[in-house]
Amino acid sequence: MAVHEHPHRSPGFHLPSFRRNRTASEPTVSVDTDTHTARAYALASLRLLTGFVFLWAFLDKTFGLGYATQSGKGWIDGGSPTKGFLGSVAAGPMESTFHSWAGDTWADWLFMLGLLGIGLALIAGVALRIAAVAGTAMMALMWIAEWPPAKHLSDGSPSMSPNPFVDYHLIYAIVLIALAAVAAGNTLGAGRLWARLPIVRDHGWLR
């Protein structure tokens with residue numbers, strides 16, 4: 001009786017199995033790439049929208065476009081971008097200080113240049129670290145001016161503060177810091193070109 005031996009293949013060199021494993025990993029790579037791209041565009045969109053908030057505030061206060069600033073009361077018409085806001089501060093440890101700053105030329109220029117510089121930096125996607133520092137300082141001062149922790153204003157009336165700590169100024173500050181931290185200017189912006197400039201390569205804080 002003849003015994004026929006059947007050849008056995010080594011499991012470690014089973015090519016069909018290798019192909020199946022490689023094919024199975026390809027969707028994961030695709031999903032990771034898609035997720036990274038979606039995240040980059042989401043952050044770029046957040047950057048552009050936040051930049052427009054700052055830039056629009058500058059334009060409205062400069063030209064009196066009839067929104068937050070009435071027509072004919074813009075900066076170019078002789079109006080003061082800081083007098084109304086700082087002059088109406090009614091709570092907080094810097095109330096009298098803000099009143100003394102309201103309408104001062106240096107305060108107007110510093111505030112307006114801050115709005116313009118932060119807005120342009122965010123929209124262009126460059127100098128995001130500088131924009132984050134300047135914007136955070138501006139938002140911190142505005143938070144102190146509104147002083148959300150106060151339950152009552154200096155005249156004793158209710159402050160109507162919706163939250164004793166977190167308000168939109170803090171949210172904007174965190175957004176600015178996050179956008180700078182993840183280099184959000186590289187997508188839909190000139191961040192990569194900006195980073196290649198010799199002065200920017202030598203001074204990382206300019207990014």
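Predicted model: local features only at pLDDT ≥ 70, side-chain atom pairs only at ≥ 80, totals over all residues.

I began with the buried residues of α6, which are H169, A173, V175, L176, L179 and A180. Buried here means under 20% relative accessible area, exposed over 50%, and partly exposed in between, with a 1.4 Å probe and protein chains only. Looking down the axis of α6, I found these buried residues within an arc of 160°, so they line one face of the helix. The arc is taken from the directions from the helix axis to the C-beta atoms.

Residues are numbered from 1 along each chain as its sequence is written, and side-chain values use heavy atoms, with hydrogens and water left out.

**Rest of α6.** On the face turned away from the buried side I found the exposed residues I174 and A181. I then checked the length: the 14 residues of α6 (residues 168-181) should span 20 Å at 1.5 Å a residue, and the end C-alpha atoms are 20 Å apart, which agrees. The expected span is 1.5 Å times one less than the number of residues. Helices are DSSP runs (H or I, at least four residues), numbered from the N terminus. After α6 comes A183, with a positive phi near 55°.

**Aromatic pairs.** Rings of Phe, Tyr and Trp (its six-membered ring) pair if their centres lie within 6.5 Å; planes under 30 degrees apart are stacked, over 60 edge-to-face, the rest tilted. The count by this rule is nine aromatic pairs. F52 and W56 make a tilted one, 6.0 Å centre to centre with 35° between the planes. Both lie in helix α1 (residues 15-63), four residues apart, about one turn of the helix. F52 is partly exposed at 47% relative accessibility, and W56 is partly exposed at 30%. Y168 and Y172 have ring centres 6.3 Å apart and planes at 90°, so I logged that pair as edge-to-face. Y168 and Y172 both lie in α6, four residues apart. I read 45% for Y168 and 25% for Y172. Ring pairs also link F52, W56 and Y67 into a cluster.

**Surface patch.** Which residues make the nonpolar surface patch? They are F63, L65, Y67 and I76, and the patch is about 460 Å². F63 lies in α1 and is partly exposed at 44%.

Key
Helix = DSSP H or I, 4+ residues; strand = E, 2+ residues; numbered from the N terminus. Patch = residues over 30% accessible without salt bridge, like charges linked within 9 Å, V, L, I, M, F, W, Y side chains within 5 Å. Areas by Shrake-Rupley, 256 points an atom, 1.4 Å probe, with all protein chains shown as cover. Salt bridge = Lys/Arg side-chain N within 4 Å of Asp/Glu carboxyl O.
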